[in-house]
Amino acid sequence: MTNPLIALLGTRAERLAEPQPQRGARIVAYVVLFLLGAAVSLCGCFVQALWAPGGMLLALAATVAVFYGGLRFTGTKLGAGAPMTGWFLVLLVMMAPRPEGDFVLSAGLTSYGFLFLGAISGVICATLPTRSGFGFGAPGAGR
């Protein structure tokens, strides 16, 4: 009987043997992933507060899916870093108070959980082994 996680994600050797997309496709993917990370962050800010604590788990699942999906699609660490950058920039805007005194991401357990666990998941995804050579998004020899 095989482990369901390995059946879903594949073994490390299988993941590292997957071919990388062409350079042009990766560049377009980085832009799309940045925007997707920003959209997930915006939606997550509202969902985590709307249905506590299930909303936080849903928002974190979407966040991890975007980070890990970017890593797997592009095969580079930048594939996880691009959506993480968009995610974090939107969170900075959402945490800032407005002139009227309102703010979207309030000081609460679910807000802090979404912020902390989302950042940790992004760092974990960005440090997983990739198919590329040395560097953030720099293709290896012959790629």
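Helix axes are lines fitted to C-alpha atoms over the stretch in contact, and angles between N-to-C directions run from 0 to 180 degrees. The model is predicted, so local features are reported only at pLDDT of at least 70 and side-chain atom pairs only at pLDDT 80 or more, while totals for chains, interfaces and linings use all residues. Residues are numbered from 1 along each chain as its sequence is written, and side-chain values rest on heavy atoms, with hydrogens and water left out.

The chain contains 6 helices and 0 strands. Its pattern along the sequence is α-α-α-α-α-α. Helices (H or I, at least four residues) and strands (E, at least two) are DSSP runs, numbered from the N terminus. Of the 143 residues, 36% count as buried. Buried means under 20% relative accessible area, exposed means over 50%, and partly exposed lies in between (1.4 Å probe, protein chains only).

The axes of α3 and α6 come within 9 Å and cross at roughly 150°. The two helices are therefore roughly antiparallel. Their crossing is right-handed. Helix α4 (residues 54-74) meets helix α6 (residues 109-126) at an angle of about 15°, with the axes 9 Å apart. This pair is therefore roughly parallel. The crossing of α4 and α6 is also right-handed. Angles under 35 degrees count as roughly parallel, over 145 as roughly antiparallel, 65 to 115 as roughly perpendicular, and the rest as oblique. A crossing is right-handed if the near helix is turned clockwise from the far one by less than a right angle, and left-handed if anticlockwise.

Residue L115 sits in helix α6. Its relative accessible area is 23%, so L115 is partly exposed. L115 and W87 are 28 residues apart in sequence, yet their C-alpha atoms are 9.9 Å apart in space. T76 lies in the loop between α4 and α5. T76 counts as buried because its relative accessibility is 0%. T76 and P129 are separated by 53 residues in sequence and by 8.7 Å in space, C-alpha to C-alpha.

A nonpolar patch lies on the surface. It is formed by V31, F34, L35, F88, L89, L92 and M95, with about 600 Å² of accessible area together. The elements that give two or more residues to this patch are α3 (23-50) and α5 (78-95). Helix α5 provides the largest share, 4 residues. F88 lies in α5. With 40% relative accessibility, F88 counts as partly exposed. Patches are made of residues with over 30% relative accessible area and no salt bridge; like charges are joined within 9 Å, and nonpolar side chains (Val, Leu, Ile, Met, Phe, Trp, Tyr) within 5 Å. A salt bridge is a side-chain nitrogen of Lys or Arg within 4 Å of a carboxyl oxygen of Asp or Glu. Accessible areas come from the Shrake-Rupley method with a 1.4 Å probe; for residues, only the protein chains shown count as cover.
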